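Here's a walk through one structure, with an eye on its charged pairs, its sheet and its helices. Keep the viewer open and click along as you read.

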Amino acid sequence: MSVSEQVGGVSAPRVPDPVSVLVVEDDATIRRAVQLSLERYGFQVAVAVNGLDGLEAFRAGRHDLLILDVMLPELDGIGLCRRIREQSLVPILMMSARGDALDVVSGLEAGADDYVVKPVDTPVLVARIRTLLRRATFRLAQPETNPARGAGPANPAVASADTGTIPAELVFGDLSVNTLGLDVHRDGRPVPLTPTELRLLLEFAAAPGAVLDRRRLLRDVWDYGWEGDTRVVDLCVLRLRKKIGAGRIETVRGFGYKLVRD
């Protein structure tokens, strides 16, 4: 079973070997270069030349991650991303030739997890892919000390001060988060979250009431070891708010965001 089939319930996730990536790109030179580069890293790569072919390929196959160009014939990458998000939480990486604000915002609002600007170096592309796959397959383990992030639980959940264990259920008003099954409910109804949205929510749940700045979220959720675009954070927070309630995550101007406790 592929990652894309499991992300919804996030039960018993694993990354198959090899990982299947679908690349939807109309430029033949770029498409071939990306395909060959990823295959050298051991990925199994399928390709499509336009948005409609990409949608058909997605529905026909089992892919662990999608790479979508923004400017596609037949159906552009933004529209394709929206269509896919209607039926799947598979990780999506957008590629933009311009990288301007409109492309970035439109792609992230449509449900993409991250984006890269063409031309992109292969190591950077592979690093982004691996980060998205890790996010899609992570599970919470027993808390342990993580030297990179100081004493405390290494996983993004809340540890009990008395027992040092992670509570199975975190409740914030009408929102409940099961940290074992990674299920989220609002008013008793399941909330479908993409892997990135779930990881972001768990970061907030790990420190309810505390202000988390955008750069920290870029590091801990997107795993950026370099300076990243904070618009990624802002747009993901916006999508998360629509799903868990606009007032659940509060903006602290000039600093970042915090999860409202009650």
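Asp234 is partly exposed, at 24% relative accessibility. Keep in mind that this is a predicted model. Asp234 sits in helix H9 (residues 231-244), and its partner Arg214 sits in helix H8 (residues 214-220), 20 residues apart, so to follow the link you go between distant parts of the chain. The two form a salt bridge, with the closest N and O atoms 2.7 Å apart. Arg214 is partly exposed as well, at 22% relative accessibility.

That's one of 12 salt bridges in the structure. Side chains of opposite charge can pair when their charged atoms come close.

| Salt bridge | Closest N and O atoms |
|---|---|
| Arg214 and Asp234 | 2.7 Å |
| Asp113 and Arg85 | 3.0 Å |
| Lys258 and Glu250 | 3.9 Å |

The Lys258 and Glu250 pair has its closest N and O atoms 3.9 Å apart. Lys258 is partly exposed at 23% relative accessibility, and Glu250 is partly exposed at 37%. There's also a network of salt bridges, which links Glu25, Asp69 and Lys118.

Now for the sheet. Five strands make up an open sheet, in the order E2-E1-E3-E4-E5, with parallel pairing. At the edges are strand E2 (44-48) and E5, each of which pairs on one side only. On average, neighbouring strands of this sheet are turned by 20° against each other, direction ignored. As background, strands of a sheet pair through backbone hydrogen bonds, either parallel or antiparallel.

Two helices to click on next are H2 and H3. Helix H2 (residues 28-40) packs on the sheet and touches strand E1 (20-24), E2 and strand E3 (65-69). The direction of H2 makes about 170° with that of E2. Helix H3 (residues 51-60) lies across E1, E2 and E3, and runs at about 165° to E1. Ala28 lies in H2 and is partly exposed, with a relative accessible area of 46%. Ala28 and Val49 are 21 residues apart along the chain, and their C-alpha atoms are separated by 7.9 Å.

Why is E3 described as largely enclosed by the rest of the structure? Because five of the five residues of E3 are buried.

E3 has a strand partner in E1, paired in the parallel sense over four bridges, and Leu22 stands opposite Leu66 in E3. E3 and E4 also pair in the parallel sense over four bridges. Here Leu66 stands opposite Ile92 in E4. E3, H4 and E4 together make a right-handed β-α-β unit.

Strand E4 (residues 92-96) then pairs with E5 in the parallel sense over four bridges. The bridge partner of Leu93 in E5 is Asp114.

Back to H9, where we started. What span should its 14 residues have? At 1.5 Å a residue they should span 20 Å, and the end C-alpha atoms of H9 are 20 Å apart, so the two agree. The buried residues of H9 are Val232, Val233, Leu235, Cys236, Val237, Arg239, Leu240, Arg241 and Ile244. An α-helix has 3.6 residues a turn, so residues three or four places apart point the same way. Just after H9 comes Gly245, with a positive phi of about 115°.

Conventions: Residues are numbered from 1 along each chain as its sequence is written. This is a predicted model: local features need pLDDT of at least 70, side-chain atom pairs count only at pLDDT 80 or more; totals for chains, interfaces and linings use all residues. Side-chain values use heavy atoms; hydrogens and water are left out. A salt bridge is a side-chain nitrogen of Lys or Arg within 4 Å of a carboxyl oxygen of Asp or Glu. Buried means under 20% relative accessible area, exposed over 50%, partly exposed in between (1.4 Å probe, protein chains only). Two strands pair if DSSP finds at least two bridges between them. Axes are lines fitted to C-alpha atoms, for helices over the stretch in contact, and angles run from 0 to 180 degrees between N-to-C directions. Contact means heavy atoms within 4.5 Å. The expected span of a helix is 1.5 Å times one less than its number of residues. A crossover is right-handed if, with the strands pointing away from the viewer, the path from the first strand over the helix to the second runs clockwise.
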